[in-house]
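Reader: I am new to this structure. Please go through some of its terms and how they are applied.

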Amino acid sequence: MWLFEVLLRLYPAGFRAEYGDSMRLAAREDLAESGWLIFAWRMLTDFAMNWPNLLLTELWQDSRDACRNWARHRLTTLIAVLSLAVAIGTSTAVFSSVNAMLFRDLPFAKVDELVMLNYHFAPIFKGKSAVEDWVRKSQYLSSSLSYSTGSFQFGEPGSSLQVKGAETTANFFTVLGTPVWLGRGFLPDEDVPGKTDVAVISHGLFEQAFGGDRSILGRTVTIQHRKLLVIGVAPPTFDYPSGASFWPPKMFDWDSLPKTGVTFQMTVGRLKPGLNIDSAQSAFWAEASQTMYGQSATMKPNLMLLREAIAGTALQSSLLLFASVLAILWIACGNLAGFLLSNFASREREFRTRIFLGARRGRIWQQILTECTLLGLLAGSFGFALAIVATRWLAAYQSPEAAFMQFELLDWRVLGFGVGSAILCGLGCGAIVCLSGGWRWRHAMTIAQVALAGVLLGLSSRMTESLLHLQRVQPGFDTQGVWTASISLAGTDLERTDYLKRSLERARQLPGVVDVTAVDYLPLSKGGFAGNSYRVPSRHEPVFAIVVDTAPGYFQTVQTKLLAGRDFNESDARVAIVTQDFADLYGGVQQVLGRKLETVPADPDSPTVIGVVESTRFVKLSAKASPIVYKPILKRDRSFFALLVRGSIQPNDLGAALRAIDPSVPVYDIKPLKDRITDQLKRPTYLAAIMSFFGIFSVVLTLIQVFGACLLQLEQRRKELAIRISLGATVSLLRRFIAGKLAYPIWIGLIAGFVLRWPADQLLEKMLTEEFLAAGGIDWVSPSLMGLMVALVLMLATRGIALLDPWKHLKAE
Amino acid sequence: MPEVKDLSPLAFHILLSLLDGERHGYALKREISARTGNKLVPGPSLLYGNLNRLLEQGLIVESGDRPDAHLDDERRRYYAITPEGIDAVQAEARKMKELVRLAGAYVAL
């Protein structure tokens, strides 16, 4: 019979209450007649065949009751559902980004064995056999690949199409474990100089540039004026690293493809089978300590999982957002529970009557849980629609490295999270209602809500303040009215300095032009910069300075103040202009003027300082100004440079004038210099905006909860208040009395929020490595503001006391 | 009163059994099993699920009449057929008869 008793408990509460006893009686007689084996078989098959039908019938009945109840409380239901929907929607959207970075399969085999070595000390410049020898002796790697990314001119001369590509070692696809989609991958010796003129192209390039024509295999394409034989097509969506569109195996044939900017050599390795990341890191550091990087104070060697390296800082900010949305979800659940507690408190008489008429408590609980779960699911479905919109917005701000990990809502983990959180929210709130309808739970929820809302409000105000601070930063140059155009001479046979002078001349002739100059690396450029180490009198160690090559008139064009000395002229060579912070390392402006700089390693052609300009934030708007050494570009034979033009010009005219010099030279990225600052502000603006939304939304939800709790106090104490009024109590006294009933959870919540700000700030600083956070301190404003708003809400909610008619409520007495 | 749709085989047998007089759940089960030669042996949830549906449709009612206390168990619930129930079982039987007649024109019965 125990089996029958177990099964009986699983039947819907209503059916069990109605027929449980009769079924038990019948089962006992059946067991006596048919024997336990047949009985057990019958009970199990009977349960399996009929349980779903009985459950659905009862759930349908409960659902209809729930709908009728919601219809009676339309406004409060709508507020509760919408607030939970926004919370579920945003948390699902943010979870989709965390999922994409942490859990989703990357297009590599055994991805958890792949690691990124951040400082490359593999003998990549010594050739293929040296690398193979290094891997063979490695204690932690079974194989390794190297690559270098860049922007390349694609197509015949005259084409200005720039595509991203990655020069790799021949084992690139083999080590990653990604087979090509069409054709073949690289042969083992195809990265040996002389055999490297082959390439695998991306599926996107295959579709867009060649219309999906499979005959592209075996044909040549022109990249950077070099012919490469197409041997394969990568799988769809594969564009690792950095959105690459083609992969030539030229890592050991470095000079055969001309470069158009700074390039970095990256190494990815596959760990030896069974080796975990901690052991691999220990072995890596032991090896790194034998190299120059191991001795460096600033350049710490590191080995990390490729998955984490790809996600980068975006992962940390996504985790921060995820923690915030979980807090919002909690607050929204509190609101829903508050609504349900009020709702079920007003139906207490109905439930008591039903229990009196024979309904069991289990039946009532089942109805409450069904109603709450339905509310959760309803909010979840609205939330999912919201998540679709929010996800698109989030994806637009994804870092380029992680761009191929598309945000996917139709992923089982994301769907599971969305549906699971909806059901859990509903069931959790239902459980609170079933277990206790009292004020203890409500106060506990108020404390948590006020505390979390206070923390979120504080964090959002700090991030907004940081953003405003960043927007006010003076970078040391003026972007107003300055247009930029990038030009690549790589792979052409043109005389570079001559071309540069001609392009400056052409730009000067455009109508409306005030100043024209050229520079190799633009300030705040994502492409990187060059630098050199210098020995200075004030420091024992060499100082690293950014080196920028400019044409005469650069400082005038970008309005950087010349503090002393003079600008470059066309005949200058072996001279330099330095920034003030570099000059300070020499003891001041006058001390550095006329000095010959000492480069490390020593260079007999080291420049002499002829001028000092104001300091500039060259790398990042959020980072402090770095020492910069400017050199004359006209003597540097640069294969790439950017033209800066100040004035009221038409960008198309600038492009046309430059292309007219030589149509084979690609001119690209014609955009205002101001856009580079806007690009730098994009991510901080996004983070500050979303955190502000979270902060304000959580406060609104909390205020709604406090308002609802206050109204419920009034409702439940209506008769008591009437008696107090009739005994002479004033309205203001009663308002303070009601507000006082809610005061202690609010006070505790405010204090808890104030205390929690410190660890939350620490977490924020740890997670946001974007360096745009303004310095934190004790924040009195957020809790004060929160307290003020709560006080206002209490005042509003208790206004009804003035309208209370004591005779109406005491008529019965 | 909910609309009466086609009767399930078990519901039809329940109504047939109740035509002979009031029965409790387990008695109905035994009678149906015996009548069908154990081809239809309803389990408790199937039997009481059908009884519940027939009650909602108004084809049966719970009977207040009970046997003598020494012959009875107070946990037992007795059911009686209603006039609507009799109509329903007659209609179902006529429908079956018609089906048999139609089938007889095509296959040997």
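Author: Helices (H or I, at least four residues) and strands (E, at least two) are DSSP runs, numbered from the N terminus. Lys110(A) is found in the loop between α4 (74-102) and β1 (114-117) of chain A. This is a predicted model, in which local features need pLDDT of at least 70, side-chain atom pairs count only at pLDDT 80 or more, and totals for chains, interfaces and linings use all residues. Residues are numbered from 1 along each chain as its sequence is written, chains are lettered from A and ligands numbered from 1 in the order in which they are written, and side-chain values use heavy atoms, with hydrogens and water left out.

Reader: Why is Lys110(A) called exposed?

Author: Buried means under 20% relative accessible area, exposed over 50%, and partly exposed in between (1.4 Å probe, protein chains only). Lys110(A) has 61% relative accessibility, so it counts as exposed. Its phi is near 40 degrees, a positive value in a residue other than glycine.

Reader: What makes Gln559(A) partly exposed?

Author: The relative accessible area of Gln559(A) is 39%, and therefore Gln559(A) is partly exposed. Gln559(A) lies in the loop between α16 (554-557) and β15 (562-565) of chain A. Although not a glycine, Gln559(A) has a positive phi of about 60 degrees. Most residues other than glycine have a negative phi, and most peptide bonds are trans.

Reader: Which peptide bond is cis?

Author: The bond from Tyr240(A) to Pro241(A) is cis, with omega near -5 degrees. Pro241(A) sits in the loop between β7 (226-233) and β8 (246-247) of chain A.
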